[in-house]
Amino acid sequence: MSEIAAGGVRPAWQSTAGAGADARRAAPDARRLLQLALAGLWLLDGVLQYQAFMFSKGFSDMLAGTASGNPGVVARPISWDATLVGHHLAALNAVFATVQLLLGIGIAWRPTVRVALAASVAWSLGVWWFGEGLGMVLTGDVNPVSGAPGAVILYALLAVLLWPSDRGSPARPAPFVAARAVGTPVARALWLVLWLSLAYFALLPANRAPQALHDMIAGMTDGEPGWLAALDRGAASLVAHQGLAASIVLAIALVVVAVGVYRPAPAARGTLVLAIVVAAVFWVFGQAFGAIMTGGATDPNSAPLLALLALAYWPARAVAPAPAYTGPARAEEGMAAS
Amino acid sequence: MIPSWILDIFAAIMLVVAAVSAARLVAARPWQHRTRPAALADIDVAHLLMAIAMAGTLAPGLRTLPDGAWEVIFAVMTAWFGYRVARDAKVSGVRALAGGHCAPHLLHAGAMLYMFVAVSAPAAHGSGGMGAMGGGVGGMGTLELPFLALLFALALVGYCIWDLDQVSGPGTSGHYSLAVARVAPPSPVLAGVGASARPGVAAASGTASAPAAAVPIAEPAGTAQVPPASGPADGTGVLAPWVATGCRIAMGVTMAFMLVIMI
């Protein structure tokens with residue numbers, strides 16, 4: 001955790017045998033664990049970006065495709081970027097992959113967590129525009145089940161919420177991790193906006209069509225392993241011709257999740273569990289595990305990030321600025337005894 | 001197709017890891033130990049073998065051992081670390097699986113075994129050895145059971161992140177610190193593991209650790225007493241714990257990379 005890193009204690013990598021007499025161990029707190037999860041996702045993204053597909057024309061075509069349906073002011077830079085990437089595919093994609101690897105490593109490496117989180121916000125915003133066409137939210141043809149408003153914007157949101165600073169005090173600790181950096185009202189507002197926007201997307205006309213959800217889920221089966229394709233086909237058949245009903249049910253669930261963080265802790269926990277369940281359903285049936293097994297995924301899609309966000313809002317007994325970890329009592333006692 | 005220079009870079013990193021692991025073995029001289037020489041050397045031997053195998057897989061120009069030989073090696077390695085994890089689990093329960101000393105190495109060995117066993121046709125049509133994996137996606141084969149590859153990749157990434165956090169954090173206990181005289185791993189199996197050149201020193205090899213891995217010396221009855229630190233030379237230079245951790249992080253990232261591009 002950056003607080004610890006900044007606290008003057010020598011990191012392990014700088015230590016030698018003599019310095020090792022300090023038996024304190026860095027025990028990550030809840031926010032640090034979430035930062036590590038975010039780091040892991042960035043590292044995974046970096047690895048995925050090295051896939052063979054990303055070095056093919058298919059990748060630049062995929063980038064160019066996100067311009068479609070967007071306003072000109074958004075679409076033109078996307079097209080320019082896609083052309084540039086197409087001309088320097090190997091070099092630029094290697095840079096993209098390496099940047100994401102470094103973001104993951106940087107967040108996990110305590111002394112660089114702030115720099116890496118800040119860089120991840122900038123990178124995410126750039127990718128959201130140039131790589132995802134602003135999540136296609138301006139096109140009117142997005143679905144939260146398939147990943148709207150774009151996974152990468154959720155990386156930026158998480159980086160902000162998990163920023164290693166504290167607005168609270170020991171007397172008035174933040175009620176959940178996400179509130180530590182930005183304060184409780186802002187954190188709740190961000191959650192509300194996100195999940196209400198998902199509910200809005202679920203009710204878009206394109207998603208209310210009788211076969212909309214069916215077609216979307218069935219379309220995920222291409223290139224997937226047989227068992228997953230069968231699973232998705234089964235789910236698709238369940239919602240066949242049920243587009244309107246499915247959209248309404250989904251929107252209600254998303255609204256319940258959105259307002260859940262304003263409820264008392266027990267109710268909030270219930271809605272956060274619902275959020276995680278919804279994210280799991282999205283990931284398995286709507287996103288096919290981010291389509292990672294098709295060899296063409298750039299990230300695991302939005303569902304894991306939604307689940308991570310839900311954990312960041314999990315009510316805590318007390319989330320106060322934590323002092324440096326001083327190690328397990330057993331170890332301290334044992335050392336004193338010896 | 002992945003540019004060959006990218007694969008070559010990863011292969012070069014693995015050769016560096018192999019060289020460092022070999023240097024650690026030479027510096028630690030585990031063969032001079034009468035007790036548990038395997039437990040002293042197994043981590044670095046595993047790093048050395050896995051790094052060579054991965055370098056050979058990534059760079060078709062490198063000829064190492066036939067695939068069958070690697071399968072046997074990694075099967076034995078998996079069994080060995082499986083045994084050690086089971087031993088750890090008797091002492092520390094599920095924590096041995098969640099983040100214990102040998103669990104990451106079991107994962108690495110298992111992932112390597114999976115890669116060699118599950119690689120698809122391109123390997124079979126090659127000329128034998130690691131170069132036989134050339135010809136598929138990105139110069140490599142493709143893997144059967146891709147979901148298993150995904151699970152392995154996720155677990156590897158998780159351990160890499162955990163290692164990075166721990167090795168960059170404050171304090172230097174457990175597996176991140178050699179020769180912490182009064183702090184020893186909790187089991188006789190763990191007590192001898194590491195890169196220390198001295199027998200019995202509470203050494204660690206810079207490997208991942210569960211938070212509970214570092215405990216005061218309170219070994220089960222019948223185990224050897226851990227003597228004090230043997231001197232400032234322990235845990236420095238190539239034997240520094242972060243060196244082995246760095247090797248494992250590099251291997252974990254490279255292994256995850258290989259698994260993903262072979263899906």
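Student: What percentage of the 263 residues of chain B count as buried?

Tutor: First, keep in mind that this is a predicted model. In chain B, 63% of the 263 residues count as buried.

Student: Which elements make up chain B, and in what pattern along the sequence?

Tutor: Count the elements, then read their order. Chain B has nine helices and two strands. Along the sequence they run α-α-α-α-α-α-α-β-α-β-α.

Student: How do I read contacts by separation in chain B?

Tutor: Take the contacts with a separation of 6 or more, and ask what share joins residues 24 or more positions apart. For chain B that share is 78%.

Student: Now the nonpolar core. Which residues have the most contacts inside the largest one?

Tutor: The largest nonpolar core has 179 residues, and those with the most contacts inside it are Leu38(A), Leu158(A) and Leu259(B). Helix 9 of chain B, residues 241–261, gives the most to this core, with 15 residues.

Student: What does Leu38(A) touch, leaving out residues up to four places away in sequence?

Tutor: Leu38(A) touches Ile107(A), Leu158(A), Ala159(A), Leu162(A) and Leu308(A).

Student: Are helix 14 and helix 15 of chain A roughly parallel or roughly antiparallel?

Tutor: Helix 14 and helix 15 of chain A pack at about 170°, with their axes 8 Å apart. Angles over 145 degrees count as roughly antiparallel, so that is how helix 14 and helix 15 of chain A are related. In helix 14 of chain A, residues including Leu272(A), Ile276(A), Phe282(A) and Trp283(A) meet a set in helix 15 of chain A that includes Pro304(A), Leu306(A) and Ala310(A). This contact of helix 14 with helix 15 of chain A has 12 nonpolar residues, no polar and no charged.

Student: What about the backbone? Which residues are joined by a cis peptide bond?

Tutor: Here's the general idea: most peptide bonds are trans, and most residues other than glycine have a negative phi. A cis bond joins Ala148(A) and Pro149(A), with omega about 5°. Pro149(A) is in the loop between helix 6 (113–130) and helix 7 of chain A.

Student: And where does Leu134(A) lie?

Tutor: Leu134(A) is in the loop between helix 6 and helix 7 of chain A. Its phi is positive, about 55°, although Leu134(A) is not a glycine. Leu134(A) is buried, with 21 other C-beta atoms within 10 Å.

Student: Is Ala291(A) buried or exposed?

Tutor: Ala291(A) counts as buried, with 20 C-beta neighbours inside 10 Å. Its phi is positive too, near 55°, and Ala291(A) is found in the loop between helix 14 (265–286) and helix 15 of chain A.

Key:
Residues numbered from 1 in each chain as written. Chains lettered and ligands numbered in written order. Predicted model: local features only at pLDDT ≥ 70, side-chain atom pairs only at ≥ 80, totals over all residues. Core = buried A, V, L, I, M, F, W, Y, C linked by C-beta atoms within 7 Å. Buried ≥ 20, exposed ≤ 12 C-beta atoms within 10 Å, placed from the backbone. Helix = DSSP H or I, 4+ residues; strand = E, 2+ residues; numbered from the N terminus. Contact = placed C-beta atoms within 7 Å. Axes fitted to C-alpha atoms, helices over the stretch in contact; angles between N-to-C directions. Parallel < 35°, antiparallel > 145°, perpendicular 65-115°, else oblique. Nonpolar A, V, L, I, M, F, W, Y, C, P; charged D, E, K, R; others polar.
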